[in-house]
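Okay, thanks for coming, everyone.

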Amino acid sequence: MKKTFPKILIAGPCSAESEAQVMTTATSLARHGITIFRAGIWKPRTRPGNFEGVGIDGLPWLQRVQRELGMKVIIEVGTPHHVEEALRAGIDMVWIGARTSANPFAVQAVAEALRGTDIPVLVKNPINPDPELWLGTLERFERQGITRMAAVLRGFSCYEKSIYRNPPLWDIALELRRRRPELPFICDPSHICGRRDLIEGVCLQAIDYGFDGLMIESHCNPDAAWSDAAQQLTPDALSTILSALPSPPYSPL
Ligand code: PEP
Ligand code: MN
């Protein structure tokens, strides 16, 4: 039965940066009909020295989004400490990032920290193109009693030149879906594309491949974003793209 999640549409900034940025972005997204707000508060940066997230200071901002806008909120967790703080703050769902998904020790520790809860866990593909590793990450959560899960395709790291930041390698997601047909599949075109002009095309492909949802980065002032500036869309631009999708299977805008 493939109905753990409804058709899913998640949007919000790569990173929570300030209370004003979170509230301005979330208010516009809510106005466009988005009901699930994403924002990273701990950011797994490839190299040190970049903005690594506001940390727990961002949690009250997300609680405001829940309280004042009635949205559900989702953040990334990568350590048991992140899980504890997220649960204490009443965060609705969590995602596991691509770098964490590739590390069984980290996944096991996070999964054990979630034991006894049943909040939805979205598992991004590992950075390396290995459907077994992606599947194994999902299984580690299931073994700790998590039942509400989804797989998120965000593309795979590659050294060769590509128009994509992380080429989607759709076949890998299709292989995982063949093995786990009951799981909802979500596409994250933002991290696949790395640039905003390619996002609409990848959304269309995801729909063609029968994905169940989209997670897209949106920021009230994308060019000034502290992380992933080139791939973020304003809430209005996001809404324009979503409205143009053929018979969108997602929440109405
Ligand atoms: C993100 O969603 O902002 C993020 C860091 O994700 P990924 O793990 O796909 O890089
Ligand atoms: Mn990002």
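So, to start: with which arginine does glutamate 175 form a salt bridge whose closest N and O atoms are 3.6 Å apart? That's arginine 179. By salt bridge I mean a side-chain nitrogen of Lys or Arg within 4 Å of a carboxyl oxygen of Asp or Glu.

Before I go on, the housekeeping. This is a predicted model, so local features need pLDDT of at least 70 and side-chain atom pairs count only at pLDDT 80 or more, while totals for chains, interfaces and linings use all residues. Residues are numbered from 1 along each chain as its sequence is written, chains are lettered from A and ligands numbered from 1 in the order in which they are written, and side-chain values use heavy atoms, with hydrogens and water left out.

Back to glutamate 175. Helices here are DSSP runs of H or I, at least four residues, and strands are runs of E, at least two, numbered from the N terminus. Glutamate 175 also has a salt bridge to arginine 178, with the closest N and O atoms 3.3 Å apart. Those two are 3 residues apart in helix 7 (residues 170–179), again about one helical turn.

How accessible are they? Buried means under 20% relative accessible area, exposed over 50%, partly exposed in between, with a 1.4 Å probe and protein chains only. Glutamate 175 is partly exposed at 25%, arginine 179 is partly exposed at 34%, and arginine 178 is exposed at 59%.

The whole structure has 14 salt bridges. Another one joins arginine 195 to aspartate 197, with the closest N and O atoms 2.8 Å apart. Arginine 195 is partly exposed at 35%, and aspartate 197 is exposed at 54%. Shared partners also tie Glu132, Glu175, Arg178 and Arg179 into one salt-bridge network.

Now the metal. Which residues are the protein donors of the manganese ion, ligand 2? They're Cys14 (SG), His191 (NE2), Glu217 (OE) and Asp228 (OD), lying 2.1 to 2.4 Å from the ion. Donors are N, O and S atoms within 2.8 Å of the metal (3.2 Å for Na, K and Ca), and water is not among the atoms, so sites may look incomplete. Along the chain, the spacing reads C-x176-H-x25-E-x10-D. Cysteine 14, in the loop between strand 1 (8–12) and helix 1 (19–31), and glutamate 217, in strand 8, are 203 residues apart. Both are buried.

Next, serine 227, in the loop between strand 8 (213–217) and helix 10 (235–244). Serine 227 is buried at 3% relative accessibility. Leaving aside neighbours within four places in sequence, its contacts are Cys14, Ser15, Glu17, Lys43, Arg45 and Gln232, where contact means heavy atoms within 4.5 Å.

Last, the nonpolar core: a set of buried Ala, Val, Leu, Ile, Met, Phe, Trp, Tyr and Cys residues joined through side-chain atoms within 4.5 Å. The largest has 65 residues, and Phe37, Trp134 and Phe141 touch the most other members. Helix 9 (residues 199–208) gives the largest share, 5 residues. There's a second, separate core of 11 residues, including Ile36, Met93, Ala150 and Met215.
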